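Please have the sequence and the coordinates at hand.

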Amino acid sequence: GGIDSSTICKMAKEFAPDIKCFSSVVEEKGFDESKHAQNVARKLDLDCDSVIFNRDSFKNYFQKMDSV
């Protein structure tokens, strides 16, 4: 949703028109850029999925990585 990821999405779309993108959604207010990311995806006609991150999912992710 930020300027850097929006620019990368635009450039990637030019090289791979069917590209699929993912956006991480942070549930804490002040950190969530998901609305902006959705707007960018819509304007660029991107197939974009959202992945929700909260404290529990973040902790579980790193616990799984630790066991690999």
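The numbered points below pass from the basis of the model to the chain and then to individual residues.

1. **Basis of the model.** The structure is a predicted model, in which local features need pLDDT of at least 70 and side-chain atom pairs count only at pLDDT 80 or more, while totals for chains, interfaces and linings use all residues. Residues are numbered from 1 along each chain as its sequence is written, and side-chain values use heavy atoms, with hydrogens and water left out.

2. **Secondary structure.** The protein chain holds three helices and two strands, and along the sequence these follow the pattern α-β-α-β-α. Helices (H or I, at least four residues) and strands (E, at least two) are DSSP runs, numbered from the N terminus.

3. **Overall dimensions.** The radius of gyration of the protein chain is 14 Å, whereas a compact globule of 68 residues would have one near 11 Å. This radius is taken over C-alpha atoms, and the globule rule is 2.2 Å times the number of residues to the power 0.38. Along the principal axes, the C-alpha atoms occupy a box of roughly 40 × 30 × 20 Å.

4. **Burial and surface.** Of the 68 residues in the protein chain, 16% are buried; buried means under 20% relative accessible area, exposed over 50%, and partly exposed in between (1.4 Å probe, protein chains only). The accessible surface is about 5700 Å², and carbon and sulfur atoms account for 57% of that area. Areas come from the Shrake-Rupley method with a 1.4 Å probe; for residues, only the protein chains shown count as cover. Ile 3 belongs to helix α1 and counts as exposed, at 71% relative accessibility.

5. **Contacts.** Among contacts between residues at least 6 apart in sequence, 85% join residues at least 24 apart. Contact here means heavy atoms within 4.5 Å.

6. Ser 23 lies in strand β1 (residues 20–26) and is buried, because its relative accessible area is 12%.

7. **Charge.** The protein chain carries 10 positive and 12 negative side chains, and the centres of the two sets lie 4 Å apart. Lys and Arg count as positive and Asp and Glu as negative, whereas His and the chain ends are not counted. The place of a charge is taken as NZ of Lys, CZ of Arg, CG of Asp or CD of Glu.

8. The whole structure contains three salt bridges, each being a side-chain nitrogen of Lys or Arg within 4 Å of a carboxyl oxygen of Asp or Glu. One of them joins Lys 10 and Glu 14, with an N to O distance of 3.2 Å. Both residues lie in helix α1 (residues 3–15), four residues apart, which is about one turn of the helix. Lys 10 is partly exposed at 44% relative accessibility, and Glu 14 is exposed at 55%.

9. Lys 20 pairs with Asp 47, their closest N and O atoms being 3.2 Å apart. Lys 20 is in strand β1 and Asp 47 in strand β2 (residues 47–53), so this pair ties together parts that are 27 residues apart in sequence. Lys 20 also forms a salt bridge with Asp 49, at 2.9 Å between the closest N and O atoms. That pair likewise links strand β2 to strand β1, across 29 residues. Shared partners join Lys 20, Asp 47 and Asp 49 into one network. Relative accessible area is 37% for Lys 20, 43% for Asp 47 and 32% for Asp 49, so Lys 20 is partly exposed.

10. Lys 13, in helix α1, is buried yet has no salt bridge; the nearest side chain of opposite charge is that of Asp 45, 4.5 Å away. Beyond its neighbours within four places in sequence, Lys 13 is in contact with Ile 19, Leu 44, Asp 45 and Leu 46. Asp 45 is located in the loop between α2 (34–44) and β2 and counts as exposed at 61% relative accessibility. Although Asp 45 is not a glycine, its phi is positive, at about 55°.
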